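Visitor: I would like to go through this model with you. Could we take the domains and then the helix packing?

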Amino acid sequence: MLSTNDASILQGFHTLVTKSPLIMEKIEIIGQMAKTDSSVLILGESGVGKEIFAEQIHLRSLRRNAPFIRVNCAALPEGLLESELFGHVKGAFTSAVSDRQGRFELADEGTIFLDEIGDLPLTLQAKLLRVIQEKTFEKVGSGTTIAVNVRIVTATNKDIEALVDQGTFRNDLYYRLNVLPLHIPPLRQRPEDIPELAHFFLSKFMQENNKQFQGFTTGALEAMLSYSWPGNIRELENCVERACVISKNKWIQQEALFPKSGKGGEPESGDRNLKTALNVFKANFIRGVLEENNWNQTETAKALGIQRTYLSRLIKELNIDYSKSIIEE
Ligand SMILES: Nc1ncnc2c1ncn2[C@@H]1O[C@H](COP(=O)(O)OP(=O)(O)O)[C@@H](O)[C@H]1O
Ligand SMILES: [Mg+2]
């Protein structure tokens, strides 16, 4: 397990568990990013741990002893979000019965993490741009300008460049936020993390549920390794939690993790030997990297660190459906 640093003992931060070289690389990059005050845009599918990486950026920076303030931009309607971010004065609107500090003010000297930034309404995008450029803002209903010193980290699972093309996300704001992009790979591209995280969550849920298990059966581990985890770490966490609650055996079995077999964890042939499981895993893994590289085999081979000819052979041997790319070409 990767230990975070002294600051990880601060309350409210998660433990980042990993054994994946891909993630170790990202941690290195974060170490570099942490020395600057530049904005970071974290990209990645839902459930990959974007918030955990945002925490690491803060914890490894010089701002680590100042506040780390989270805001989910998708969780509130526009009016409430504005007052959440910038605060309001008494009487600014009907329910504003007293003055309130906003998240930017609370984050002064520290880091603000704006999650689901792709959902920020256009009017607030303009206000955010101003905070970035001028480091000042006003509370809702107030004429007094407040100055802050805040590091901005944002995250989204949306294709933000597509939003820019559609005109729902400001181009100028995108460039300001994307000074340091950080792409977090999905779980299917970091198989080393599957058993590591599964055990981490198992101990957590054993404690929470006051139950004892010896661990996972080999079948359970194989099933987890051969599944593609579209919901990433959040899905794995939920799966282990459910298994922990329903299991009555000493060992967590495949059936407890994937109750309605057929989907998830069940090798396609129904054959449960290791070779089948590994092949299913390999096929899912390669398909994911192909997708990321727009089905370009040369680029995919490079990303996988194998020869192009070997990749073509694997695609045939593993029966990877390559028809998608042909339709697109
Ligand atoms: N490397 C990791 N180690 C431990 N827990 C993790 C890790 N990555 C993600 N998690 C957990 O998985 C869940 C989803 O992570 P989150 O950061 O909310 O994902 P995202 O914001 O990308 O959708 C959270 O409960 C988080 O604590
Ligand atoms: Mg999130």
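This is a predicted model: local features need pLDDT of at least 70, side-chain atom pairs count only at pLDDT 80 or more; totals for chains, interfaces and linings use all residues.

Visitor: Which domains does the assignment give for the protein chain?

Guide: The assignment gives domain 1, spanning 6-185, and domain 2, spanning 188-328.

Visitor: How far apart do the C-alpha centres of domain 1 and domain 2 lie?

Guide: Those C-alpha centres are separated by 32 Å. Domain 1 brings 15 residues to the contact, and domain 2 brings 14 residues.

Visitor: And what area is buried between domain 1 and domain 2?

Guide: About 1200 Å² is buried between domain 1 and domain 2, with carbon and sulfur atoms giving 48% of that area.

Visitor: Which three residues supply more than any other three of the area that domain 1 buries against domain 2?

Guide: They are V17, K19 and G47, which together supply 39% of the area buried by domain 1 against domain 2.

Visitor: Turning to helices: at what angle do helix 1 and helix 2 cross?

Guide: Helix 1 (residues 21-33) and helix 2 (residues 50-59) cross at roughly 40°, and their axes come within 10 Å. Angles under 35 degrees count as roughly parallel and 65 to 115 as roughly perpendicular, and helix 1 and helix 2 are therefore oblique to each other. Their crossing is right-handed.

Visitor: Which residues make that contact?

Guide: Helix 1 contributes I23, K26, I27 and I30, while helix 2 contributes F53, Q56 and I57. By class, the contact of helix 1 with helix 2 comprises 5 nonpolar, 1 polar and 1 charged residues.

Visitor: What about helix 3 and helix 5, at what angle do they pack?

Guide: Helix 3 (residues 78-86) packs against helix 5 (residues 122-134) at about 15°, the axes being 10 Å apart. The pair is therefore roughly parallel. Helix 3 passes helix 5 in a right-handed crossing.

Visitor: Who meets whom there, and how do the residues divide by class?

Guide: From helix 3 come E78, L81, E82 and F86, and from helix 5 come T123, L124, K127, L128 and V131. The contact of helix 3 with helix 5 divides into 5 nonpolar, 1 polar and 3 charged residues.

Visitor: Last pair: how far apart are the axes of helix 8 and helix 9?

Guide: The axes of helix 8 (residues 193-209) and helix 9 (residues 218-226) are 9 Å apart, and the packing angle is about 125°. This makes helix 8 oblique to helix 9. The crossing of helix 8 and helix 9 is right-handed.

Visitor: And which residues meet between helix 8 and helix 9?

Guide: I194, P195, A198 and H199 of helix 8 meet L221, M224 and L225 of helix 9. The contact of helix 8 with helix 9 has 6 nonpolar residues, 1 polar residue and no charged residues.

Conventions:
Residues are numbered from 1 along each chain as its sequence is written. Chains are lettered from A and ligands numbered from 1 in the order in which they are written. Side-chain values use heavy atoms; hydrogens and water are left out. Axes are lines fitted to C-alpha atoms, for helices over the stretch in contact, and angles run from 0 to 180 degrees between N-to-C directions. Helices (H or I, at least four residues) and strands (E, at least two) are DSSP runs, numbered from the N terminus. Angles under 35 degrees count as roughly parallel, over 145 as roughly antiparallel, 65 to 115 as roughly perpendicular and the rest as oblique. A crossing is left-handed if the near helix is turned anticlockwise from the far one by less than a right angle, and right-handed if clockwise. Contact means heavy atoms within 4.5 Å. Ala, Val, Leu, Ile, Met, Phe, Trp, Tyr, Cys and Pro count as nonpolar, Asp, Glu, Lys and Arg as charged, and the others, Gly among them, as polar. Domain bounds come from an automatic or database domain assignment. Buried area is the accessible area (1.4 Å probe) that two parts lose on being put together, summed over both.
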